[in-house]
Amino acid sequence: MKTIHLSKEARKAVYDIARSTNIYPYHIWARAALGYSLGIMGNPNDLPSTNVPDQGDSLDEEKVSIGGFTGELKADTFWGSDKTDEMAFMALLRQREGRTLEDEDTVTSLIKTHVERGLRYFSAEFARLGRRGDEFILSLLDESSRTTKAGHGSSAAQDVVQSGADYAVRLILGKDVRTENPVETTINGKGQAPHIAIMGKTGTGKSRTGLKFLASINEARSQKIPCLIFDYLKGDIAREAEFKFVRDALQAKVIDIEREPIPLSPFTLPNYSEESIRDAAYRFWGTLKSVMPQLKEKQRAKCVDIIRTAYQNLGRAPSFVDLLATADIMYPDPKERDSLLGSLYSELQRLADYRLFQNPVDSKSHPFYEESYIINLSILPEELRKAAVFLTLDHLFPELMARQNAPLDVNGFRQTRLIIALDEAQSYLECKNPTLAKFLSAGRSKGVVVMLLSQRPDDFYQPKINYTEQMVLKVVFRCDVNKPRAMEVMLGGDINPQQIASLQPGVAKVCLPGSNRPIDIQAWQP
């Protein structure tokens, strides 16, 4: 193999990722990118788009350094000076190409193509996660775990078409203000993410509209679709008479954390291999850091070590009380503990004080796939509300990803297996939590729909993560818009923010699936 010179874009990706994750030397990421690209399907020349910023510093020439990295890669970058891994990499290349590779120039070109492709994927994922190194590493670990369990090209990743089935999820949104005709749409059509965004000021009816959609979906079907609703702020969905209609339509069980915990243990795993425990520890840190910004990156290793030690000492899944006890054992001197753990210890103590989840000794396989639940979080401190939601989603995500793809009907509509509804979603979106982003991007194939009820379009337009792109149905009631660009992306067309701020009660602007221009509908009568 001859020397490879990476493009400016690839060098910048390596530099940014290495600096953010603190994993060096740089060539480790080139080697990882090669392995990643060889392990995924598709033409290696079909590179995904990326958001690597152009620094405008004339770095187009080969061998020009970016942060000390020239992008020059030799054979020992990939298989060492003794060529210990050369046979394995060459076998993978031959398998992917389906031919013998004798020519050195061909081998060099293929390796460069795959390295660049892998780095493009890394860069796109790094950008999607807000350019945070801890979340990026967690994402790679999660993907590696899912790949190991399901396998690329396995039946878990294949679509099955069921003749005679009708999986279309149809919604009557209201009446067209202009024509007074009913407006109906489907949310789970072929090739589109099925997720729903409903926004508006407090009192505009966004929550009632979203819950009406959930009720109508289930009232129209002989087999109900389980819904998992997180009641964030007031507990009114769980308790008040005005929302009894949705509790009855869904036949939902209400979980009031003031009286009973969420019926799962976030640290319970399908198996307790070293790899599974490691993934769980990093996943927990990623969630904790997303909702508790006071935690510092230097505390990550301590947090992971406490969790892994708790698993090892107990021989089972730990509870938050177990984690706190493990921290006390590992750091018996209070002064040393405060110095080394800082705010991490106090946050573990808070989690232990509130009984958010079942004790792992009592925890059984939860029926979230089979029944509807409304979880009332309103009594919790704000950070713990977010932690409860994200830890629940963390637990659900790998289980859902390990399932077979949801089947399609002959018209391309995918079966909906679970709807997750987040009220006051602006509180979650600002966290840039990696698991929520993954549900939006990867949940479609498993039949998961996410409904986000938020206060304004601005909430969806976060730096580095544009949640709007994942929403197939967007409903906007009266609200204030501080970022006109966010509104344009949400609804399409040229709309003056004042139009949104002056919408009449019950009227919403709606962007239907497949459309780039909104219409006005009367969603409810004042």
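Me: How do the residues of the lining of the second largest cavity divide into nonpolar, polar and charged?
Reply: Keep in mind that this is a predicted model. The lining is made up of Pro-266, Phe-267, Ala-280, Arg-283, Phe-284, Leu-391, Asp-394 and His-395. Sort those by type and you get five nonpolar, one polar and two charged.

Me: Which strands are the edge strands of the open sheet of eleven strands?
Reply: Read the order along the sheet: S4-S3-S15-S14-S13-S5-S10-S9-S6-S8-S7, with mixed pairing. An edge strand pairs on one side only, and that picks out strand S4 (182-186) and strand S7 (253-256).

Me: What is the bridge partner of Leu-422 in S10?
Reply: Strands of a sheet pair through backbone hydrogen bonds, either parallel or antiparallel. Here strand S9 (residues 418-422) runs parallel to strand S10 (residues 448-454), with five bridges between them. Leu-422 falls in the S9 range, and over in S10 its partner is Leu-452.

Me: What angle does the direction of helix H17 make with that of S10?
Reply: Two helices are worth a look here. Helix H7 (residues 206-219) packs on the sheet, touching S9 and S10 among others, and its direction makes about 155° with that of S10. Helix H17 (residues 434-442) packs on the sheet too, touching S5, S9, S10 and S13, and its angle with S10 is about 125°.

Me: Why are Arg-19 and Asp-16 separated by about one helical turn?
Reply: These two form one of the structure's 24 salt bridges. Their closest N and O atoms are 3.7 Å apart. The separation is about one helical turn because both sit in helix H1 (residues 8-21), three residues apart.

Note on methods. Residues are numbered from 1 along each chain as its sequence is written. This is a predicted model: local features need pLDDT of at least 70, side-chain atom pairs count only at pLDDT 80 or more; totals for chains, interfaces and linings use all residues. Side-chain values use heavy atoms; hydrogens and water are left out. Two strands pair if DSSP finds at least two bridges between them. Helices (H or I, at least four residues) and strands (E, at least two) are DSSP runs, numbered from the N terminus. Contact means heavy atoms within 4.5 Å. Axes are lines fitted to C-alpha atoms, for helices over the stretch in contact, and angles run from 0 to 180 degrees between N-to-C directions. On a 1 Å grid over the protein atoms alone, a cavity is a set of points where a 1.4 Å probe fits but cannot get out, and a pocket is an open set with protein on both sides within 12 Å along at least five of seven lines; lining residues have an atom within 4 Å of a point. Ala, Val, Leu, Ile, Met, Phe, Trp, Tyr, Cys and Pro count as nonpolar, Asp, Glu, Lys and Arg as charged, and the others, Gly among them, as polar. A salt bridge is a side-chain nitrogen of Lys or Arg within 4 Å of a carboxyl oxygen of Asp or Glu.
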